[in-house]
Amino acid sequence: AQTGEIPSSLGLITPLQTFDVESNNMEGELFKPEYAGPNGLTEIENWRVSLNNFVGSVPSEIGRWTKIQNLWFADNGITGIIPSEIGSLENMGAFLFYKNQVMGTLPAEIGNMNVLTWIDMEDNNIVGTIPESFYTNLDLEEVILKNNKLAGGISSSIGDLTRLARFWASFNLMSGTIPTQVGNLVNLEELELQNNKLTGPLPSEMGNMNSIEFLSAELNTLTGTIPPELFSPQLGGLRILYLNNNELNGPIPDNYGLATRLKDLWLFNNQLTGTLPLISEGEFLFLEELLLNDNDLTGVVDESLCLIRNDTGKGNLGVFHTDCQPPPDGGAPQIQCSCCTACYV
């Protein structure tokens, strides 16, 4: 692996377009003034220096790199803020700075990067809100904001980002409701919102996200009922649905078995009521985990669910949790289940 620092003389290679030293053991100041300062490189298009041990901060002079298309410095020791001059990089398609110690807010000027398709800032210390201007980057396909300290709400303008395939905003401090405009995101495959402070209902418009495969909204304070649209055949690719640890109420939708490709359905630790709906033959054939414990469900688990256990030869269900444990002081369990793999009180 390459070691040492980036030589200051790099700035003398004025026609330089690509610099790639990813996945090495290089160290030292990443953005030296000789190549990233007032008289530095101006023809650079690709700056790929992720997975090293570089330090320092992003200088305001980064705005002079107006031809940059890929600015990657993920998994280093970069500190400081993202300067507002980042908005001058109107040709940038990918901006990757995950796993650093970058702090401060996202500058409003980030909305000027109108060909940006991929931004990944996971595992930093970004605070404040997502600026409204961010949602004007209409070419965005991957937005990874995970594990920062972002607050505020998700703008209804997210519905304008119709090319989005991934939106990860989990492990932040985001509040407010999930906007109904998420239903416009027909190319969205992965939506991660878990471990925030989101409130309000799950919008029924989520049933229009017909490319969704992974939907995670657990560990929030969501209320209301689970919309049956989430189990519509229109969402035929949905494999993971995590809604646990919220305050959802009402019954489990009768049509939940229509989610034919569903692998994991986690609804535990809510306030769901009623009985567990039966399923028809041919439904839930791919289901492996069904976690329903710590709710207010009652009744008897229908035999149709027992028939899809992975020890029957007819299904793949191997983890099935309900409140089928009798209470410590005696009496009948909340749910009667002959095929659950774990029982809770």
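## A look at S9

S9 is partly exposed, as its relative accessible area is 42%. That value sits between the two cut-offs, since buried means under 20% and exposed means over 50%. Keep in mind as you read that this is a predicted model.

Now turn to another part of the model. Here three strands form an open sheet in the order 14-16-18, and their pairing is parallel. Strand 14 (175-176) and strand 18 (221-222) stand at the edges with a single partner strand each, so one side of each has no neighbour in the sheet.

In general, strands of a sheet pair through backbone hydrogen bonds, in either a parallel or an antiparallel way.

## How the strands are joined

Let us follow the sheet from strand to strand. Strand 14 runs parallel to strand 16 (residues 197-200), and two bridges join them. Across this pairing, G176 stands opposite L198 in strand 16.

Which residue in strand 18 is the bridge partner of G200? It is L222. Strand 16 and strand 18 also pair in the parallel sense, over two bridges.

Notes: Residues numbered from 1 in each chain as written. Predicted model: local features only at pLDDT ≥ 70, side-chain atom pairs only at ≥ 80, totals over all residues. Heavy atoms only, no water. Pairing = 2+ DSSP bridges. Helix = DSSP H or I, 4+ residues; strand = E, 2+ residues; numbered from the N terminus. Buried < 20%, exposed > 50% of the residue type's maximum accessible area, 1.4 Å probe, protein only.
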